[in-house]
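The following paragraphs lead the reader through a structure, element by element. Please keep the sequence and the model in view while reading.

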Amino acid sequence: MATLAQQHYELSGHDSYISARFQAMASPCEFLFDTLDKSLADSLAQKGVAQARRIEQKFSRYAKDNLCFAINNAEGASVKIDDECYRLLAFAQTCFELSDGMFDLTSGVLRRAWKFDCSSHIPQQRQIDALLPLVGWEKVTFDQHSIQMKPGMEIDFGGIGKEYAVSAIADIYRIHAPDMSVLINLGGDIQITKPRQHKLPWRVGIENHEHVISIVQGALATSGDAKRFILRDGKRYSHILNPKTGWPVANAPSSVTTHAPLCVQAGCLATLSLLNGKDAERFLQNQDVKYWCTRV
Amino acid sequence: MQLNKTDLKKALFAASCTLLAGNSVAQDWDFDTAIMYYGEADRVQALEGIFQAKKTLKDDKEFSAKLVVDSLTGASANGAVQQATAQTFTTPSGNGQYTANTSETPLDDTFLDTRVQISAQWSQPLAENYVVSTGANVSNEYDYQSIAFNGVLGRYFNNKNTTASLGLSYALDSVDPVGGRPVGLSTMVVDNGQFSDEAAYRSAFDATRQTGGEDGKNTVDVILGLTQVINRQWITQFNVSLSEVDGYLTDPYKVVSEVDASGMATQQRYENRPGSRSKQAFFAQSKYRFESSVWDISYRLTNDDWGINSHTIESRYRFLFDNNSYLEPHIRLYQQGEADFYTPFLREGDAVPEFASADYRIGKLNAYTFGIKYGKKLKSGREYGVRLEYYNQASQDVGVEAPGGLNSLDLYPSLDAVILQFDYKF
């Protein structure tokens, strides 16, 4: 009972819901619709997939003809931005301030030195020192209409883009299907628009968790990756980098999943907790959020 | 990092709402359509189509446009009293006649019109805690044109739990009645064969028509409003409004009968009303949401310098069902006192007053409406509804002694109507 539609998603009927599976943002994605009306699910899936692709195309750092590319290749010139981009930058600004400079969308350039490929290769300090001048959110100036930064600096929306897409798609479903529960799952970042009928939970499997999680409402987001690390001399280096030193954050959990009303909130809390290294759990406890930490 | 501050979560949650706010309100167009039938027993029938489109843009800006088309056919009471004999009247154009049978309310059955009304409204936040809304409205029918503008300024207080608003509107109407505007209280010319030729009749008819004077009217309305959210279930609203109308306020198609001591109508005079009207209104509404129902009750008090005062009590109770449908009984009670110059008829021999009208709409009357509506919201967010209502209006005796034969006739006839409406939102 699977159909492959134009937008490249696979619609399947289940006992009490319909799912739409597709690939986006380099991850497996799915929408679960709490309905058995296939044509309705199909039209909703189209809208959601279109939104996911739109956000991916606009903010992906892998594309060559998008806004992100224009910003990262402006060579010091000012680049015009739209309202959506401004809102993302303003959100990143808040996260930067709340984390005392640890959450930094410009820290991606450090990956030119760090390759988290499970090898034992560690970069030279001089390599890192050469990159550090290109890191620092405080060096970015932006307002509602434009953004400007030093030549060579790069912004990576990856830290918030996927979670933002999840919440943005949830908003679309709240408008187009206000009475239906929809679960949005973009590569493990999840949000539910409203509880299901008959108080049934949605059940989803999350990478790095052995068990299937039952979720009634709210959002889940995961930061960290148990498969991306460097192991050297018995010491494990996580792929979470401290933008101030250019080195991985010490003693960080390999992955953190948090629960919050919106996916952007859950995502940020998870990332901020990783940046706290050994204090990750304490940070989450202080924030009074439900979380799952994995330390390998 | 600020480890010990749960403020961090609050700040983060607030920022995430700002991040998404620009998306969540940018919606597609919402369309609202309705078709309504209104039918009075043996009198006016109206069919009305409503098409409304609304778009919420970024930053809480909102645009809406509405088109209303209605078509009226049938007869309406011309104001003359019933008689024990048949009566003949001249049509408003002067080109024909219509009759009322014995003991029958005289009805002008030449009533036929189509009205088209287009309106547009724009609203947006102005500064923090302020919202402004402006709109225009154009309406056109065969003998009537209207153009109106409005502006409302709203101010939020108390975390948006209180909204105060000031609204102003100005309307300019022009009236071009069929057959021209009659001279107030002039006698209707009826061709009973007394004229030597057509030209003689025409010249007598034309003498009852105004040549100059006010042919339109303008209306200024001021509305002060207060909306108060009491708690999550309960919201209340209060409005005070003032309305000033100047111009031609007479109904050119209505007459007042002049009767002799035996109750016989000796002539029909065209009605005449004052050239201005000041109206005040007070409105209070309470809406309460229970677990699975919503109760809405309101009261309106109006008063004007024509001497008309009215009370309206209206209540709706919506029963919400699990399958997203609802059933909503509706009741409306209305009571109105008559205008100072309202009279069911004039007496022969008495001095002709400056103003007089026998229009039941400005007479003393009691009315009620009973209705029920069924609505269902579909999973796609679309919604439909069916409404059926019964309306009864009973004109009341204003205490004028009915001479002779008028005694046994119905001077204050009542009116019944049914309303059937279908609406669909998508």
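**A guided reading of the two chains**

In chain B, strand β14 (residues 255–259) pairs with β15(B) in the antiparallel sense over 5 bridges. Within this pairing, B:E258 stands opposite B:Q267 of β15(B). Strands here are DSSP runs of E of at least two residues, helices are DSSP runs of H or I of at least four residues, and both are numbered from the N terminus. Two strands pair if DSSP finds at least two bridges between them.

The model is a predicted one, in which local features need pLDDT of at least 70 and side-chain atom pairs count only at pLDDT 80 or more, while totals for chains, interfaces and linings use all residues. Residues are numbered from 1 along each chain as its sequence is written, and chains are lettered from A and ligands numbered from 1 in the order in which they are written.

B:G275 lies in the loop between β15 and β16 (276–289) of chain B. This glycine, B:G275, is partly exposed because 15 other C-beta atoms lie within 10 Å; a residue is buried if 20 or more other C-beta atoms lie within 10 Å of its own, exposed if 12 or fewer, and partly exposed in between, with C-beta atoms placed from the backbone. B:G275 and B:V245 are 30 residues apart in sequence, and their C-alpha atoms are 8.1 Å apart in space.

Chain B also contains a hairpin, formed by β5(B) and β6(B) with 6 residues between them. Strand β5 (residues 87–90) and strand β6 (residues 97–100) of chain B run antiparallel and are joined by 4 bridges. B:T88 stands opposite B:T99 in β6(B), and in the turn B:G94 has a positive phi of about 85°.

Chain A has 7 helices and 16 strands, and buried residues make up 46% of its 296 residues. One of its sheets is open, with 3 strands in the order β5-β7-β6 and antiparallel pairing. At its edges are β5 (79–80) and β6 (141–142) of chain A, each pairing on one side only. β6(A) and strand β7 (residues 146–148) of chain A share 2 bridges in the antiparallel sense, and A:T141 stands opposite A:Q148 in β7(A).

Two helices of chain A may be compared with the model. Helix α6 (residues 263–275) of chain A has 13 residues, so at 1.5 Å a residue it should span 18 Å, which agrees with the 18 Å between its end C-alpha atoms; the expected span is 1.5 Å times one less than the number of residues. Of the 13 residues of α6(A), 13 are buried. A:G277, which follows α6(A), has a positive phi near 55°.

In helix α7 (residues 280–287) of chain A, the residues A:A280, A:F283, A:L284 and A:Q287 are buried. Seen down the axis of α7(A), these buried residues fall within an arc of 95°, so they line one face of the helix; the arc is that of the directions from the helix axis to the C-beta atoms. An α-helix has 3.6 residues a turn, so residues three or four places apart point the same way. A:D288 follows α7(A) and has a positive phi near 60°.
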